Amino acid sequence: MQIKTASRLGLLPPYLFAELDRLKKEIQKKGVDVISLGIGDPDLPTPAHIVEALKRAADDPANYRYPDYQGLDRFRSAATDWYRRRFDVKLDPAREACAVIGSKEGIANFATAVVDPGDIVLIPDPGYPVYFSGCVFNGGEAYFMPLRKENGFLPDLEAIPAEVARRARLMWLNYPNNPTAATAETGFLADAVRFCLKNNIVLAHDLAYSEIAYDGYRAPSVFEVPEARECAIEFHSLSKTYSMTGWRIGFAVGNETLVGALGRVKTNMDSGPFQAVQEAAIAALEGPEDSVREYCAIYKQRRDLMVDALQELGLSCERPRATFYVWAAVPKGYSSASLTERVLKEAGVVITPGSGFGKGGEGYVRFSLTVSSERLKEAVQRLKALRL
Ligand code: MLT
């Protein structure tokens, strides 16, 4: 039999990080000691009090059954209490919060909740690939909003044509930003809320990197803009804040109708995060924040090491105030892909080509700071030897 897979699969390239993983394994098979600065997957351990909470919860048979679809009431309350403490934003845990199996799942499924075939989805370019996947899988039409250096890697909302705005159903934003590491102030988020309200567009803000910040910077929530409650949803992940990428736990908060619509998709698609993981996530959200501060201090050291080294090597880059990424312009004579390929093949270092995040990322590469300083120093030595 000739198996025919759905044509929608042909509309997407292989998932960026799955592809990088494949290339990494290929090189490792040749015996190369590969240093991976590709995916943003924290090497620092999940704090012990969170692991302990999981162990206790794993012993409780009450957690072996199907979890609540929207998440445990206590998990949703822990999430909204955290929002109140962190952003001074009050949310109703029963109506305005929903657990997700990592924000990637929530982001992908949210498109199913709001995008009809033919609707335009406004997507930052470069941007996290899942915004586009959700759009394509639901028959949406992507309109890419370029993030340019001269605009601080913020989209120019005024440049979106009126006809595009009229047909748009959903806009994605993500600050602190992946991959550019740019940050946005509340004023920009307020402009985006005004734009979306004026044009009847749902605003979805991906806030996965809010806690990985330096030099006194505090990333805002879109809900610090009071009118956001009328049109917005925000996705938060425990992955980066508490080094919990493998645990698959996050939450979405915001407009009751939007959170409810996401919940409705999810009741049909999955059965929620393992309850013991939710118990551990409650311990994370309610527990001491010392590890977050300690980990940010470590990332800051790595950031300074990497930025100084890249600038010395002639790769132009900013010193980011948030995220654990460094977004660097490729030297003359290279494209994003050709630099990535050379660095992998000749130095055994995995970096992410900017073009993997969309056309707007061409001319850049992303370095993830999720390996030890020793490994970063080794990576820098190998890059130096390439004489880029
Ligand atoms: C990244 O490296 O861009 C992210 O870690 C990927 C992800 O969160 O899925």
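**Aromatic pairs**

Start by selecting every Phe, Tyr and Trp ring in this predicted model. With ring centres within 6.5 Å taken as the cut-off, the count comes to 22 aromatic pairs.

Zoom to Phe 75 and Phe 251. How are these two rings arranged? Their centres are 6.1 Å apart and their planes meet at 75 degrees, so the pair is edge-to-face.

Now colour the backbone on both sides. Phe 75 sits in helix H3, residues 73–87. Phe 251 sits in strand E8, residues 250–254. The pair links distant parts of the chain, 176 residues apart.

**A tilted pair**

Select Tyr 299 and Phe 324 next. The ring centres lie 5.1 Å apart, with the planes at 55 degrees, so this pair is tilted. Tyr 299 belongs to helix H10, residues 290–312. Phe 324 is in the loop between H10 and strand E9 (325–329). The pair therefore ties together parts that are 25 residues apart in sequence. Tyr 299 is buried, at 0%. Phe 324 is buried, also at 0%.

**An aromatic cluster**

Show Tyr 15, Phe 17, Phe 153, Trp 327, Phe 357 and Tyr 364 together. These residues form one aromatic cluster. Keep Tyr 15 and Phe 17 on screen: both are also among the residues around the ligand.

**The ligand**

Select the ligand and its shell. Besides Tyr 15 and Phe 17, the residues around the ligand are Ile 39, Gly 40, Tyr 128, Asn 178, Tyr 209, Lys 240, Tyr 325 and Arg 366. Colour the shell by residue type. It divides into six nonpolar, two polar and two charged residues.

Then colour by domain. Which domains supply the shell? Domain 1 (7–45 + 291–386) and domain 2 (48–286) each contribute at least three residues.

- Gly 40: a backbone N or O atom lies 2.7 Å from an oxygen atom of the ligand.
- Arg 366: a polar side-chain atom is 2.8 Å from a ligand oxygen.
- Tyr 325: an N or O atom in the side chain is 3.3 Å from an oxygen atom of the ligand.

Taken alone, the ligand exposes 270 Å². The protein buries 87% of that.

Conventions
Residues numbered from 1 in each chain as written. Predicted model: local features only at pLDDT ≥ 70, side-chain atom pairs only at ≥ 80, totals over all residues. Heavy atoms only, no water. Near = heavy atom within 4 Å. Polar contact = N/O pair within 3.5 Å; in protein donor to acceptor, adjacent residues only side chain to side chain. Areas by Shrake-Rupley, 256 points an atom, 1.4 Å probe, with all protein chains shown as cover. Nonpolar A, V, L, I, M, F, W, Y, C, P; charged D, E, K, R; others polar. Domains from an automatic or database assignment. Phe/Tyr/Trp six-rings, centres within 6.5 Å; stacked < 30°, edge-to-face > 60°. Helix = DSSP H or I, 4+ residues; strand = E, 2+ residues; numbered from the N terminus. Buried < 20%, exposed > 50% of the residue type's maximum accessible area, 1.4 Å probe, protein only.
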